[in-house]
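Please keep the sequence and structure at hand while reading.

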Amino acid sequence: MLEPKRILILTCSHGSGHKMVANTLKEGFELRGHRVSVRDLFNETNPALNRFIEKSYLLSYSIGSNFYKRIYYDCEDNAHKKFIYNLWHFTDRALLKMINEFKPDCIINTYPYTISSIMKKEFYPDIKVFTVVTDFCIPMAWIHQDTDRYYIACENVEDTLLYEGIPQSKLLTTGIPLRSAFYTHENRRKLIKKYNLDSNKMTLIIFAGTYGVLRNIKEICRRADRIENLQTLVICGNNHSLEQELSLEAFKNTKVFGFVSNINEFYTIGDLMITKPGGITLSEVVAKKIPVILYNPTPGQEGENAQWFKRQGAAVVANNISELFLAIEALKDNELKRFSMKSATNKIFYGDATSLITEDVLTQLNSDESISYRTESL
């Protein structure tokens, strides 16, 4: 019988998606009897600086799309120059300490930690380094020639990696890992009854809490509440002030929720969804096959995710409130278009990504020899 493997998964607290993917993979490997350590490298290197980076990221995001666009594409231009290599020298001791203490058989990145590939080249040429790309595009900071395998969501990422000189043999299209609840069949009729909804009305789901607030969320909810034969469920996530604020509105056809652990049920209930185009959310859209309107995407990963989904026919992109409500009215009354969007998601769904990734990682590890670790102190 093969020995259990030791798997180090590197993640980051900047946004919940990376952590969600890391923990989903952890569960997948542990169910197969392997030992897993999920570590936040930035936070363990310098918690204060990590909080500063996260706050700066969220601030730049909220200030405006032009400001965020400038920061994002400046990072893109410098990803393979001083930026990543300076980052490596900032985090090298923390990462090497993790490796020498845990002695992993492989490292899996769920964040653009190309420093782990630099570490591989400089210290552990035999250790396997895998990267799970958590968007439907791939920023340059993810890419490094010494990464052994990329697990990707779509051909858009594949094309970029091939263009950057990554061999086809290092790429595996799996989709992005999601919790197992997104792959189970649910009884929609029972869920409609559970949430006390009108089965004769269409149901619109609005994800309002992503990175703070969808812009103009109050106006969006007020206008949606007045649309005939439509009921709206607004998910505020951990944004408690937004939840309280919206709960004070005199809505007739709208229900407001805070954080919901069973978010998969809302995908099943919904006929239509409005959200920001984050990679994890879009993966959930694909798994649950719900027509989606991507509202006011920020330039960068969001914008590239949105445009790729639009090209596939799997989403409508609305850049302002006028476009948003034109899209709602058009999709609400067009069953054929909604069916077409659902069909488009079938073409970009590859099954349970967690199972595909864990199986492939273990196959590669089981064919390798053991790794010799450094024993000297850091």
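Is Phe257 buried or exposed, and at what relative accessibility? Phe257 has a relative accessibility of 17%, and because the cut-off for buried is under 20%, Phe257 counts as buried. The model is predicted. The protein chain has 378 residues, of which 54% count as buried.

**Overall layout**

- The protein chain contains 15 helices and twelve strands.
- Taking contacts between residues at least 6 apart in sequence, 67% join residues that are at least 24 apart.

**Aromatic rings**

- There are 13 aromatic pairs in the structure.
- One of these is the pair of Phe136 and Trp308, which is stacked, with 5.9 Å centre to centre and 20 degrees between the planes.
- Phe136 belongs to the loop between strand 4 (128-132) and strand 5 (149-152), while Trp308 belongs to helix 12 (residues 301-312), so this pair ties together parts that lie 172 residues apart in sequence.
- Phe136 is buried at a relative accessible area of 3%, and Trp308 also counts as buried, at 3% relative accessibility.
- Phe257 and Phe266 form an edge-to-face pair, because their planes are at 75 degrees, with ring centres 5.0 Å apart.
- Phe266 is buried, its relative accessible area being 0%.
- Phe42, Tyr111 and Tyr113 make up one aromatic cluster.

**Charges over rings**

- Arg6 is placed over the face of Phe102, 4.8 Å from the ring centre.
- Lys289 has its charged end over the ring of Phe349, at 4.3 Å from the centre of that ring.

**Cysteines**

- The structure contains zero disulfides.
- Cys137 counts as buried, with 2% relative accessibility.
- For Cys221, the closest cysteine sulfur is in Cys236, at 7.5 Å, and this is again too far for a bond.
- Cys221 is buried, at a relative accessible area of 1%.

**Glu249 and its surroundings**

- Glu249 is located in the loop between helix 9 (240-247) and strand 9 (254-257).
- Leaving aside neighbours within four places in sequence, the contacts of Glu249 are Lys218 and Arg222.
- With Arg222 there is a side chain to side chain polar contact from Glu249, at 2.9 Å.
- Glu249 and Cys221 are 28 residues apart along the chain, and their C-alpha atoms are separated by 9.4 Å.

- Lys332 is part of helix 13 (residues 321-332).
- At a relative accessibility of 13%, Lys332 counts as buried.
- Which residues does Lys332 contact, leaving aside its neighbours within four places in sequence? They are Met202, Ile227, Glu228, Leu230 and Arg338.
- Leu230 lies 102 residues from Lys332 along the chain, and 8.4 Å separates the C-alpha atoms of the two.
- The side chains of Lys332 and Asp333 are joined by a polar contact of 3.3 Å.

- Lys276 sits in the loop between strand 10 (272-275) and helix 11 (279-288).
- Lys276 counts as buried, with a relative accessibility of 8%.
- A polar atom of the Lys276 side chain is 2.5 Å from the backbone oxygen of Asn296.

**Confidence**

- The average pLDDT of the protein chain is 87, and 84% of the residues score at least 70.
- Residues 374-378 have a pLDDT below 50, and this stretch has eight contacts in the model beyond near neighbours in sequence.
- Where pLDDT is low, predicted coordinates should not be read in detail.

Key
Residues numbered from 1 in each chain as written. Predicted model: local features only at pLDDT ≥ 70, side-chain atom pairs only at ≥ 80, totals over all residues. Heavy atoms only, no water. Disulfide = S-S within 2.5 Å. Buried < 20%, exposed > 50% of the residue type's maximum accessible area, 1.4 Å probe, protein only. pLDDT = per-residue confidence, 0-100. Contact = heavy atoms within 4.5 Å. Phe/Tyr/Trp six-rings, centres within 6.5 Å; stacked < 30°, edge-to-face > 60°. Helix = DSSP H or I, 4+ residues; strand = E, 2+ residues; numbered from the N terminus. Lys NZ or Arg CZ within 6 Å of the ring centre and 35° of its normal. Polar contact = N/O pair within 3.5 Å; in protein donor to acceptor, adjacent residues only side chain to side chain.
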